[in-house]
Amino acid sequence: MDMVYKTGSFEGMKSLNQSTILNLVRLKGPISRAEIAKITKLTPPTVGGLVNELVEKNLIIEQEASKSNVGGRRPIMLSINASAYFVIGVYAAAEVIRVVVATLDGKITFDYVQKITNLPTKSEFLAMVKESIHYVLTEHEVDKKYILGLGVAMHGLVNPDKGLAIFSPHLQLRDIPLKDELETEFNFPVMIENDVRALVIAESWFGQGQGISDFLCISVGRGVGSGIFINNEVYRSSFNTAGEIGHTIVDVNGPVCRCGNKGCLEACASETSILERAQEAIDSGKETILAEWTSGDQSALTIELVFKAAKEGDQLATSILEVTGKSLGIATANMINILKPSRIILEGQIFEGDDNIVVDSLQQMVNQYMLTNLSEDIKVICSKLGKKGMVLGAVALIINKVFMPGGVN
Ligand SMILES: [Zn+2]
């Protein structure tokens, strides 16, 4: 009989031992019951009972090993049945709502993007999110009983405990009760998190943070944010606002930031600031190929175009990207000196591609200002999750709870 893991309640997952076993199978699978007993120091009957429950729930699958062990018997090996259940991930960005369905190993089986064209009111925004999820559920034709939950990665200030998007700077909306609204509408467990903190969880599960206990993610888009992973957990602070690297000061005489201060990292080094600087240079008649390429059309000026100009040797474009990288590098070096994470993961379009000027300038500043000794190996690397990083973060919020001891409450 096809046993189904109960959604909504997450009962059974609260068992610490069961979660430990599940996690062990994920990390070390295919693995035998005997090996699990050895590693966890649980008795073989305890392991057997818990594994059987997980097999019944279809979360673990059994397969005979290809090689026999010493006694001549082929042991039964256990693996995660990643495609038995699904998670819905929602990423609410500045200009789009992206909804995906993914399996337990983070494979996206359905992907839908809804553009936000005009600034919505709070209820319009909630309606858009709900409609997008309904659309995906209908089109994907996944049986609701196989959906473990719904994660939301939301830009701006988020209170995950209350399930509230406190402030969205891009949409200019406050106190959006996402968790309550979506749980009422869909009857799944819903978790919400700030997009960069969700990205951190995605990196930890599927990306460059796998197996790393402490790392930072620096995410650059229209704004700049960071997520801090310490002792295998995302650091939030009691105010849920930790990681606002975008508003650390890198130049006291720098440009005015949208927060009102001068010289914030975000005002010196974001996609917005790159485009503003390039446009200012074009408007003031400075020599740059960008003027010719855009020929008076401000909307033609894009990040891709600035990179293209720099690749073709345009001095102005090159210097804008260098300054951007240097500002990011100073802020990164400061963060490294305070927290000493073993990795810095860079996420965003401006870090993509080989021989990237922004990344090189950033690395140069980190090398110059980072206080470290030879035994401290701190690497700056680029995310490989690409544009799906944040939405995978939304997915990982739920997966994280399913697998980690404690389960979903
Ligand atoms: Zn600021």
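**Exercise 1. Work out whether Cys259 and Cys264 are buried, partly exposed or exposed in this predicted model.**

Start with the cut-offs: buried means under 20% relative accessible area, exposed means over 50%, and partly exposed is in between. Now take Cys259. Its relative accessible area is 40%, so Cys259 is partly exposed. Next comes Cys264, with a relative accessibility of 0%. That value is under 20%, so Cys264 counts as buried.

**Exercise 2. Find which atoms hold the zinc ion, and decide what arrangement they make.**

First, list the donors. They are ND1 of His247 plus the SG atoms of Cys257, Cys259 and Cys264. Their distances to the zinc ion run from 2.0 to 2.3 Å.

You'll get the spacing H-x9-C-x1-C-x4-C.

Third, check the angles. Four donors count as tetrahedral if all angles lie between 85 and 135 degrees. Here the four donor atoms subtend angles of 104 to 120° at the zinc ion, so the arrangement is tetrahedral. For comparison, the ideal angle for four tetrahedral donors is 109.5 degrees.

**Exercise 3. Look at strand β4 (residues 86-92): how many of its residues are buried, and which strands does β4 pair with?**

Begin with burial. Seven of the seven residues in β4 are buried, so the strand is largely enclosed by the rest of the structure.

Now for the neighbours. β4 runs antiparallel to β5 (residues 96-103), and seven bridges join the two. In that pairing, Tyr91 has Arg98 as its bridge partner.

**Exercise 4. Compare the span of helix α11 with the expected value, then see what sits at each end.**

Step one: α11 covers residues 315-339, which is 25 residues. Step two: from first C-alpha to last, the helix reaches 36 Å, close to the 36 Å expected at 1.5 Å a residue.

Step three: go to the N-terminal end. Asp314 caps it, with a side-chain oxygen 3.4 Å from the backbone nitrogen of Leu316. Step four: hop to the other end. Lys340 follows α11, and its phi is positive, near 50°.

Conventions
Residues are numbered from 1 along each chain as its sequence is written. This is a predicted model: local features need pLDDT of at least 70, side-chain atom pairs count only at pLDDT 80 or more; totals for chains, interfaces and linings use all residues. Side-chain values use heavy atoms; hydrogens and water are left out. Donors are N, O and S atoms within 2.8 Å of the metal (3.2 Å for Na, K and Ca); water is not among the atoms, so sites may look incomplete. Four donors count as tetrahedral if all angles lie between 85 and 135 degrees; four count as square planar and six as octahedral if opposite donors are over 155 degrees apart and all others between 65 and 115; anything else is irregular. Buried means under 20% relative accessible area, exposed over 50%, partly exposed in between (1.4 Å probe, protein chains only). Helices (H or I, at least four residues) and strands (E, at least two) are DSSP runs, numbered from the N terminus. The expected span of a helix is 1.5 Å times one less than its number of residues. A polar contact is a pair of N or O atoms within 3.5 Å; within protein, one must be able to donate a hydrogen and the other to accept it, and residues adjacent in sequence count only if both atoms are side-chain atoms. Two strands pair if DSSP finds at least two bridges between them.
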